[in-house]
Structure formats: structure tokens, C-alpha cells
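Please keep the model open while reading.

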Amino acid sequence: MVQDPEVTASELVAALTETVSPLLRHAGTVFASNQVPFSQASLLTDLYEQGTPQRMSTLAHTFDVAPRTVTTLVDGLERRGLVQRAPDPDDRRAVLVGVTDKGNALMQEIEWGRQALADELVTGLTGSERAEFARLLNKLRPTPRTEQGGQA
């Protein structure tokens, strides 16, 4: 645990990594037990968090990969019954990808476990300490591409 007032960036990041590792391991364990590779897990997580079906082209842009790569990832998730394709009603050339009930159930299992671990993690913090921790973490968040002058 970092206690020195002259904490290096490396020590701080190591402490943060050690703290959040159980949260990441939980999600990885659930995905692995459902035979979902990391690359597909990232795509499923993004679709779940978006809450609405996304165009394949949007997913390719979001993940900064070629459209054929998204096609391969979606194929794997679709074989597992976690996502489904549908025509875009606004553009018949486009395809939407959405999370199925099975995919939502998997993501909810991850969320419930993550919530339980998070509750356990911060149980020793007071309300004001939690607020300060949140404030500091927000300062560390990467700036979205759109705010950096690039594309989102």
C-alpha cells in the first residue's frame, strides 16, 4: 500500500491496478466461463453499455478497426447467441447489431458481481472519502477523442 507523501506515478498506478484487479478478474472469469474471448467481450460490453443496437460501421469506428474485423467479432458473438443482426430501418444498406436476452443476462451477471465487489472495496470509506475518491478518479480519466480535437 502506498503511504509515502512523495508517491511516484508508477507507485500510484500500481496501487490503483492492484485495487481494481478483482473487478477486472471477475468480468474476465465470467466471459471465459462462457467462452467469450476478450476482443468479443469488449464489443459486447460496448453494445450493452450503449443500450441500443449500433451500426456495424459505428462499431468499426469506435474500436478503430476494419469493418471486416467487426464482422468477425459479431459472427462469434452471434454464434453464442449474445448478439443479433437486424437491418437498419433508416438505411437499408446498413446493419444494426444489438444484444440479445442471453447477452443481457450475461452482462447483468457481470454487473451484479462487479457491484458486490465494488461495495466490498469501498466499504471502509466514509461518504466524503468516496466523494473525494470519485473526484480524483475523474481527474485521471482520459480525455475523449472529441475533446482532444480528434474523432469520437
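## Helices H2 and H5

In this predicted model, helix H2 (residues 38-50) and helix H5 (residues 101-122) have axes that come within 11 Å. They cross at roughly 90 degrees. H2 and H5 are therefore roughly perpendicular to each other, as angles of 65 to 115 degrees count as such.

Which residues make the contact? H2 brings Leu44, Thr45 and Tyr48. H5 brings Asn104, Leu106, Met107, Gln108 and Glu111. By class, the contact of H2 with H5 holds four nonpolar, three polar and one charged residues.

## The second largest pocket

Helix H1 (9-33) and H2 each supply at least two residues of the lining. The lining of the second largest pocket divides into nine nonpolar, three polar and one charged residues.

Three strands form an open sheet. Their order is S1-S3-S2, and the pairing is antiparallel. Strand S1 (54-55) and strand S2 (83-88) stand at the edges. Each has a single partner strand, so one side of each is left without a neighbour in the sheet.

In general, strands of a sheet pair through backbone hydrogen bonds, either parallel or antiparallel.

## Strand pairing, residue by residue

S1 pairs with strand S3 (residues 91-99) over two bridges, in the antiparallel sense. Glutamine 54 stands opposite valine 97 in S3. Arginine 55 stands opposite leucine 96 in S3.

How many bridges link S2 and S3? S2 and S3 pair over six bridges, in the antiparallel sense. Valine 83 has valine 99 of S3 as its bridge partner. Arginine 85 stands opposite valine 97 in S3. A hairpin of two residues joins S2 to S3.

## Helices on the sheet

H2 lies across S1, S2 and S3. The helix runs at about 95 degrees to S3. Helix H4 (residues 67-79) also packs on the sheet, where H4 touches S2 and S3. The direction of H4 makes about 125 degrees with that of S2.

Methods
Residues numbered from 1 in each chain as written. Predicted model: local features only at pLDDT ≥ 70, side-chain atom pairs only at ≥ 80, totals over all residues. Heavy atoms only, no water. Axes fitted to C-alpha atoms, helices over the stretch in contact; angles between N-to-C directions. Helix = DSSP H or I, 4+ residues; strand = E, 2+ residues; numbered from the N terminus. Parallel < 35°, antiparallel > 145°, perpendicular 65-115°, else oblique. Contact = heavy atoms within 4.5 Å. Nonpolar A, V, L, I, M, F, W, Y, C, P; charged D, E, K, R; others polar. Pairing = 2+ DSSP bridges.
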